[in-house]
Amino acid sequence: MDTTQKLTGKIALVAGATRGAGRAMAVELGRAGATVYVTGRTTREHTSEIGRSTETIEETAELVDAAGGKGIAVPTDHLEPEQVEALVERIDREQGRLDILVNDIWGGDVHVEWDKKMWEHDLDKGLRLLRLGMETHIITSRYALPLLIKNPGGLVVEVTDGTEEYNRANYRKPFYYDLAKAAPLRMAHNLAEEVEEYGCTALCLTPGWLRSEFMLDTAFKVTEENWQDGCEQNPHFAISETPTFVGRALVALATDPEVARRNGASLSSGGLAKEYGFTDVDGSAPDAWRYIAEVEQTGKEADVTGYR
C-alpha cells in the first residue's frame, strides 16, 4: 500500500509522541507527507516521571523530518489545560487548521501495581494513572476539537490497549489499568456522535503486543535486533509487533477517503492490515488480539502459524 506523500498539506497533532506507538505514528504520518506536532514531557532538558531520558520529543520530530514530513516538537504536559490551550493556539496561529488528532497520551505504567487487588493497590498511584490515561485525553480533545472541526474530513484517533470486543470480555487487571484502557474506547464512541455533523470521524485504535522501547529493554531485556530471544521468557511474545505496524495502520486510515464509515469503531493494527494490505517492517502482519484470544488464553502452545 503506497501512501507516499498522500498527506502532504495535512496538519497532525500526535499527543504523547515521545516513544512507542506515539512516536511511530508521528513518523509514519511524516512519511506520508504530513506536518506533525509531537508532544510529550520528556525533552533533552527534562525527563518525565517515567524516568527514561533515552527518548525525547525533539528526537521524534527529527525522525519525522527524516521520514519526509515536518516534525515540530512542543513540550506539553497534557494534564495542564493552559499548556494544551497554548499548544492548540500555536497550531492555529502557524497552520490555521488541524486535520488529524491522535490521543496517545499515557505514561501510567510506572504507577501500575500489576498483581494487586483494587483495595490493595496504592490509591494515589491508581488515581494518577487514571489521570494520565483519561484526563489527559479529555483535556486535549477539549481544546483541539474546535480547531479540527473547522474543516470537514478531520480524524480523531483515541489510542488504547485492546479492542472493544476483547476488553469487554476480559478483565485487563489490575482495576485502574482496566478503567484507563476502557475509557478511550468509550471516548471514541461518544466523540463520534459529536463530530459527525461536522464531517469528521472519531475512532479508537489499538496496537497488538507492542515491542516498545520499554517492552524491549526493560521487560524482556532484548533489542529489536534480537527480540525473538524474548520468546524464551514468554513463547507468546512471538506474536509481538513493532510500533511501526500501528503507525502504518494510522496512515491507512488517514489516507482512506471513506474513513467516515468507521466512525465510532474500535480497530486494531492486525485487523486493519488484512483490509488495507500493509505489513510490519519484517513483511508479516501479526493479528495479536485474535491470537491472544484463540491461542494464549485457551492454553495452547505458542504457534503463530496463521496469525502473522
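Helices (H or I, at least four residues) and strands (E, at least two) are DSSP runs, numbered from the N terminus. The structure is a predicted model, in which local features need pLDDT of at least 70 and side-chain atom pairs count only at pLDDT 80 or more, while totals for chains, interfaces and linings use all residues. Residues are numbered from 1 along each chain as its sequence is written, and side-chain values use heavy atoms, with hydrogens and water left out.

Pro174 sits in the loop between α5 (164-169) and α6. The peptide bond from Lys173 to Pro174 is cis, and its omega is near 10°. Lys221 is not a glycine, yet its phi is positive, at about 55°. Most residues other than glycine have a negative phi, and most peptide bonds are trans. Lys221 has 67% relative accessibility and therefore counts as exposed. On this scale, exposed means over 50% relative accessible area, buried under 20% and partly exposed in between (1.4 Å probe, protein chains only).

Helix packing was examined next. Two packed helices are described by the angle between their axes and the distance between the axes. Axes are lines fitted to C-alpha atoms, for helices over the stretch in contact, and angles run from 0 to 180 degrees between N-to-C directions. Angles under 35 degrees count as roughly parallel, over 145 as roughly antiparallel, 65 to 115 as roughly perpendicular and the rest as oblique. A crossing is right-handed if the near helix is turned clockwise from the far one by less than a right angle, and left-handed if anticlockwise.

Helix α4 (residues 123-148) packs on helix α6 (residues 175-195) at an angle of about 15°, with the axes 9 Å apart. The two are therefore roughly parallel. Their crossing is right-handed. Contact means heavy atoms within 4.5 Å. On α4, the contact residues include Leu123, Gly126, Gly133, His137 and Leu145; on α6, they include Tyr176, Ala180, Pro184 and Leu191. This contact holds 15 nonpolar, 4 polar and no charged residues. For these classes, Ala, Val, Leu, Ile, Met, Phe, Trp, Tyr, Cys and Pro count as nonpolar, Asp, Glu, Lys and Arg as charged, and the others, Gly among them, as polar.

Helix α4 also meets helix α3 (residues 81-95). Their axes come within 9 Å and cross at roughly 20°. The pair is therefore roughly parallel, and the crossing is right-handed. Pro81, Val84, Glu85, Val88, Ile91 and Asp92 of α3 touch Ile139, Thr140, Tyr143, Ala144 and Leu147 of α4. By class, there are 8 nonpolar, 1 polar and 2 charged residues.

For helix α1 (residues 20-31) and helix α2 (residues 57-67), the axes come within 7 Å and cross at roughly 30°. This crossing is right-handed. Arg23, Ala26, Val27, Gly30 and Arg31 of α1 meet Glu59, Thr60, Leu63, Val64 and Ala67 of α2. The contact has 5 nonpolar, 2 polar and 3 charged residues.

A nonpolar core is a set of buried Ala, Val, Leu, Ile, Met, Phe, Trp, Tyr and Cys residues joined through side-chain atoms within 4.5 Å. The largest has 38 residues, of which Leu29, Val36 and Leu205 touch the most other members. Helix α8 supplies its largest share, 7 residues. Another core, of 20 residues, lies apart from it and includes Ile11, Leu147, Leu148 and Leu191.
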